[in-house]
Amino acid sequence: YYLQLSNNLCRNVGLSIPDYQSDTGKTFFAIWPIGYPVSIYLISKLTGLNIFWASKTLNIFLVGIMLLLLRHFFHKNAHWSGLIFFTYANIRIFSFTWSEGIFIFFLLCTAILLYKSVKTNGKIYWLAGLALTGIALFLIRYIGLISAGITGLIALICLLKRKAVVALRLSFVAVLQIAFASVYLYINKLHTGYLTGGPRSMESDTVSALWDQTITAFKQEMILVRCGMPYLVILCLILLLGIYLFINRKHIIKKADDLWLYLLITGLIYYAAIISFRWIYKFDPLGFRLLGPGTFLLILSLFTWLQQKPEFRIMNSSLFYILILMILIIHLIPSKPELYRLIESGDPTFKQHGYIQNIKNISERYRTVEPGSVVIFGSDHLRYLRNDVIPQELYEKAPLDDWVNYFTKRKGWHLYVNITTEIDPEFTDESFIRFMEVNRNMQVVKIK
């Protein structure tokens, strides 16, 4: 969807995307904010790259800027803080075209700018940066509005500490962010009838199931390296770190830098917000994508705090750094013998073409698909390769005729089925299975 809107902007189509349920055949892009696709569009315009490679370039650019920020704040220990990008979650987040990467960047900037704003007693340029960063957070993901809540909380703390001027300025920044979000959501409502582009399903799971999901998600977040390391090992490492800090507790620096506190508060508030919304509304299950931004800031908070403690002599060792780096990237190496056997056996999974050839194949396969069509089991790349075709997965087990009526009830949309896809009989109706079996020698078949 992000690339689809970016492509529309490149083609001067505007902020609407195809929609088979709409009376006009298209709908205003409002289910997600426009910040991320607009960023990809701008990178594409500046570099001349197509939108797919522009999205990857954007991720590389963001990682580079964050490494410079870490270099500024951690100085000689910056190479240690940079290891955060080698964790399992962050490698995946910054590899795919996901909004979490740019969201992490602006969330980190929010914490830093809050710290700078308070430390400088409300210098205007830091406050201006904070206001713009908060707006950018909201434009990436709607939950980014928490920036106003975080800013308001810090303003309240400053007020309690008798820093009235700083508190007033921070409050103004928070109000400004809320005002911008209100106008944006009102525009969404004018175009779609909903504040966020459509109705949101309420969570139907039991409290027990939600607790289990949340606890499981946090347990998975503890495993920074996906190489079979048990939770007990992680807990032991944390315990050893705690023992070390307890032994050296008398050597704490008295005038400690409190950047770690702003990182901690920002990360914890994000955690509280995303978990609360997930408990209320039904959307993606809690996992590294949803929890990743909070985890990123909490890890940096811990590192910032540890940097103020007695220096770990072992951290001066290049060999130890290389060892940690190797441990962090070990999850990139297949660890299951079955995977090696699949590779050696010539399984089709490991004979995929590169991106360019893959796109050529997809374009050729769907060349005859008519404009204004829904393609069941169609490639996701169609969303930005063609702005007049909608690929669609099936999320419920229903007969073929029911889906035909559902997808073509508005504006006379055409309906195709991609026959080349693998389907799971457990979640697919027998009518679909029979249809695909009859047409197994075809690639894409038109139904209506």
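Leu156 is found in helix α8, which spans residues 146–160; helices here are DSSP runs of H or I with at least four residues, numbered from the N terminus. The model is a predicted one, in which local features need pLDDT of at least 70 and side-chain atom pairs count only at pLDDT 80 or more, while totals for chains, interfaces and linings use all residues. Residues are numbered from 1 along each chain as its sequence is written, and side-chain values use heavy atoms, with hydrogens and water left out.

With a relative accessible area of 45%, Leu156 is partly exposed, a class that lies between buried (under 20%) and exposed (over 50%), with a 1.4 Å probe and protein chains only. Together with Leu153, Ile157, Leu159 and Leu160, Leu156 forms a nonpolar patch on the surface, with about 450 Å² of accessible area in total. Such patches are made of residues with over 30% relative accessible area and no salt bridge, nonpolar side chains being joined within 5 Å and like charges within 9 Å; a salt bridge is a side-chain nitrogen of Lys or Arg within 4 Å of a carboxyl oxygen of Asp or Glu. The areas come from the Shrake-Rupley method with a 1.4 Å probe.

## Gln4 in helix α1

Gln4 belongs to helix α1, residues 2–10, and is buried, its relative accessible area being 2%. Apart from neighbours within four places in sequence, Gln4 is in contact (heavy atoms within 4.5 Å) with Ile17, Pro18, Arg383, Tyr384 and Val389.

## Aromatic pairs

The structure holds 17 aromatic pairs, in which rings of Phe, Tyr and Trp (its six-membered ring) have centres within 6.5 Å, with planes under 30 degrees apart counted as stacked, over 60 as edge-to-face and the rest as tilted. Among them, Phe52 and Trp53 pair edge-to-face, at 5.1 Å centre to centre and 85° between the planes; Phe52 is buried at 14% relative accessibility, whereas Trp53 is partly exposed at 37%.

Phe103 and Tyr270 form a tilted pair, at 5.7 Å centre to centre with 50° between the planes. Because Phe103 lies in helix α6 (residues 100–119) and Tyr270 in helix α12 (residues 259–280), this pair ties together parts that are 167 residues apart in sequence. Phe103 is buried, with a relative accessible area of 0%, and Tyr270 is buried with a value of 0%. Elsewhere, ring pairs link Tyr2, Phe29, Trp32 and Tyr36 into a cluster.

## Charges over rings

Arg141 lies over the face of Phe103, at 4.6 Å from the ring centre, and the charged end of Arg289 sits over the ring of Trp98, 4.0 Å from its centre. A charge counts as over a ring if NZ of Lys or CZ of Arg is within 6 Å of the ring centre and within 35 degrees of the ring normal.

Notes:
Helices (H or I, at least four residues) and strands (E, at least two) are DSSP runs, numbered from the N terminus.
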